[in-house]
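Here's a quick tour of a model for anyone who likes geometry with the cut-offs spelled out. Have the viewer open while reading.

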Amino acid sequence: MPTGTPSATTSATPSGAARDAGPDAAADVRELRRFNRFYTNLIGALDYGRHLYTPFTLTEARVLYEVANHPRVDAADLRASLSLDAGYLSRLLGRFEDRELITRGKSEQDPRRQRITLTEGGREAAGLLEERSQDAAGSLLERLPAADRARLADSMRTIRALLGKEAEQGDGDRAPEVALRTSGPGDLGWMVERNAALYAAEYGFDLRYEALVARIVAEYAEQFDPRWDRTWIAELGGERVGAVMCVRDGRPKVARLRLLLVEPGARGHGVGRQLVDSCVEFARNAGYDEMVLWTNSVLGAARGIYQRAGFELVAESAHHSFGQDLVGQDWRLAL
């Protein structure tokens, strides 16, 4: 055998890194593949439509999710974010258009790009998928004790953080991108915890503010309707760094933006702007006529985000709440 030619045993190893690192790395590769097979079977990835009782494949569901949860989505964005072949994506979007789930048109920012927008039927389909996906995930977790759920969530965060770093190594020093997703198990509790901690640290709010946030979150969970309500979680580098809610205000055709939160370390990355933009876009597509919010004048950065999104200050009044003297403000945006 000539020098430098790999042996039959070595050449069968699927990864150059594992081949060079020895038997332990090869065992790690086998364990990763074993986990992949287990998890795809567990979530029904190979038969996604029947698993969730929907007419969509996993790829179709992912495309609907991206369009529903990111404002101003272009076909090029979908190709990049989902790593899809351009021809395959074009055919998939064509089928969606035939089923009247989406419309396609020129992007306002770049006429060379194709803007994808959900129709009313598309929004209903995306909402149904979201509801059934939440139920499916919840049914997996509800079988576990609370301590095991916490261990599992920590492990999944670790997987995303470690493999996410590997995926970004080829990008040099590029800053991590903000990713938005709808809320999942544990996210609402995290919102209560982080709101209470941050507002206590930054503005001196007392325990009554945590009680208010807990009531808002509990009411959202108890009355959740995917057609009208939505919560977004922002992630940066695989970690939760922000959140916002869109809920029914109680008046016909009026949506309310609630609990905008951005972690201090994530500020300056456009997290708040993207969260508010997504909230406004969802409300507009859902058929609301206007969106309102209540905040306090001390929250200068948040007020700047609302102004840039087109909200107008319509009323303000002094009050004493959460152990502080504050000026409450009502803002409104016509949709």
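First, the ground rules. This is a predicted model, where local features need pLDDT of at least 70, side-chain atom pairs count only at pLDDT 80 or more, and totals for chains, interfaces and linings use all residues. Residues are numbered from 1 along each chain as its sequence is written, and side-chain values use heavy atoms, with hydrogens and water left out.

**The three-stranded sheet**

Helices (H or I, at least four residues) and strands (E, at least two) are DSSP runs, numbered from the N terminus. Two strands count as paired if DSSP finds at least two bridges between them. On that basis, three strands make an open antiparallel sheet, in the order β1-β3-β2. β1 (73-74) and β2 (102-106) each have a single partner strand and stand at the edges, so one side of each is left without a neighbour in the sheet.

Five bridges hold the antiparallel pair of β2 and β3 (residues 114-118). Ile 102 sits opposite Leu 118 in β3, and Arg 104 is opposite Ile 116 in β3. On the β1 side, the antiparallel pairing with β3 runs over two bridges. There, Val 73 has Ile 116 of β3 as its bridge partner.

**Helices around α5**

Axes here are lines fitted to C-alpha atoms, for helices over the stretch in contact, and angles run from 0 to 180 degrees between N-to-C directions. Contact means heavy atoms within 4.5 Å. As for class, Ala, Val, Leu, Ile, Met, Phe, Trp, Tyr, Cys and Pro count as nonpolar, Asp, Glu, Lys and Arg as charged, and the others, Gly among them, as polar.

Helix α5 (residues 58-69) packs with α7 at about 75 degrees, and their axes are 11 Å apart. That makes α5 roughly perpendicular to α7; angles under 35 degrees count as roughly parallel, over 145 as roughly antiparallel, 65 to 115 as roughly perpendicular and the rest as oblique. From α5, the contact takes in Thr 59, Glu 60, Val 63 and Leu 64, while α7 brings Tyr 88, Leu 89, Leu 92, Leu 93, Arg 95 and Phe 96. Sorted by class, that contact has seven nonpolar, one polar and two charged residues.

α5 also meets helix α8 (residues 120-141), with axes that come within 10 Å and cross at roughly 110 degrees. α5 is therefore roughly perpendicular to α8. Here Ala 61, Leu 64, Tyr 65 and Ala 68 of α5 touch Ala 126, Leu 129 and Glu 130 of α8.

**The seven-stranded sheet**

The other sheet described here is open too, with seven strands in the order β4-β5-β6-β7-β8-β10-β9 and mixed pairing. Its edges are β4 (178-182) and β9 (312-321), each with a single partner strand, so one side of each is left without a neighbour in the sheet. On average, neighbouring strands are turned by 25 degrees against each other, direction ignored.

β5 and β6 (residues 239-248) run antiparallel and are joined by seven bridges. Within that pair, Glu 235 is opposite Arg 240 in β6. α11 packs on this sheet, touching β5, β6 and β7, and its direction makes about 65 degrees with that of β6.

On a 1 Å grid over the protein atoms alone, a cavity is a set of points where a 1.4 Å probe fits but cannot get out; a pocket is an open set with protein on both sides within 12 Å along at least five of seven lines, and lining residues have an atom within 4 Å of a point. Grid points are joined across faces, edges and corners, and a volume is the space filled by probe spheres set on the points.

How many cavities of 30 Å³ or more does a search of the whole structure find? The search gives one. The largest cavity is lined by Glu 130, Gln 134, Thr 182, Ser 183, Tyr 220, Phe 224, Arg 230 and Thr 231. Two or more of its lining residues come from each of α8 and β5 (230-236).

| Space | Volume | Lining by class |
|---|---|---|
| Largest cavity | about 40 Å³ | two nonpolar, four polar, two charged |
| Second largest pocket | about 740 Å³ | 22 nonpolar, seven polar, six charged |

Of the 35 residues lining the second largest pocket, Tyr 199, Leu 260, Leu 299, Ala 302 and Tyr 306 are the closest to its centre. β7 gives the most to that lining, with seven residues.
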